[in-house]
Amino acid sequence: MAITLDEAQKALSTAIERAVELGIAVCVSICDAGGRLVLFARMDQSNWASIYGSQGKALTAAATRCKSGSIPPDSIVMQRISELEGRNMIYAEGAVPLIKNGVLLGAIGVGGASADLDEACALAAAQALECDIE
C-alpha cells in the first residue's frame with residue numbers, strides 16, 4: 001500500500017492550512033514509503049534552504065518509521081544509512097511517518113519555522129489522513 005496522490009494532496013493542503021493559522025511560511029514534502037518525493041510545495045516567503053530541510057526530514061521519517069526528531073543523529077547505524085542515502089537525511093523535528101493500520105504509506109516533512117511549529121504542521125496532516133500517531 002502506497003500513499004495516493006489524493007492523500008498526498010490532502011496532507012499537503014492540511015499542512016499549509018496549519019502553517020497559515022500559525023502565521024508561518026514553510027516548505028512541505030510528501031514522500032512515499034521508500035522516501036521518494038511524491039508532492040512538494042513551497043509557501044511564499046519561505047526560505048529556499050527549507051526545501052532541502054523538508055525533504056530530508058520526510059526521508060528520515062519514512063526510512064525509520066519514526067518522527068524525524070526522535071532519531072539520535074550520533075547513531076553509527078543511522079550515520080551509515082544516511083551516508084548510503086547521499087547524506088540527505090535530517091534528524092530534526094518536523095516530519096512524521098504516515099502509518100495507517102500499521103502500514104507505512106510514506107511521510108510528511110515540514111521545514112521553515114521552528115522545529116515545534118514544523119512538527120505541528122506535519123502532525124495536522126497525519127491526523128487529516130487518519131494515520132496512526134504515536
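Guide: A nonpolar core is a set of buried Ala, Val, Leu, Ile, Met, Phe, Trp, Tyr and Cys residues joined through side-chain atoms within 4.5 Å. This is a predicted model, where local features need pLDDT of at least 70 and side-chain atom pairs count only at pLDDT 80 or more, while totals for chains, interfaces and linings use all residues. Side-chain values use heavy atoms, without hydrogens and water, and residues are numbered from 1 along each chain as its sequence is written.

Visitor: What makes up the largest nonpolar core?
Guide: That core has 24 residues, and I30 is one of those with the most contacts inside it. Helix α1 (5-22) and strand β1 (27-32) are among the elements that each supply at least two of its residues; such elements are DSSP runs, with helices (H or I) of at least four residues and strands (E) of at least two, numbered from the N terminus. The largest share, five residues, comes from α1.

Visitor: Which residues does I30 touch?
Guide: Leaving out residues up to four places away in sequence, its contacts (heavy atoms within 4.5 Å) include I3, L12, V38 and I108.

Visitor: Why is C31 called buried?
Guide: Buried means under 20% relative accessible area, exposed over 50%, and partly exposed in between (1.4 Å probe, protein chains only). C31 has 2% relative accessibility, so C31 counts as buried.

Visitor: And why is C66 called partly exposed?
Guide: Because its relative accessibility is 28%, C66 falls in the partly exposed class.

Visitor: How many disulfides are there?
Guide: A disulfide is a pair of cysteine sulfur atoms within 2.5 Å, and the count by this rule is zero. For C31, the nearest cysteine sulfur belongs to C131, 12 Å away.
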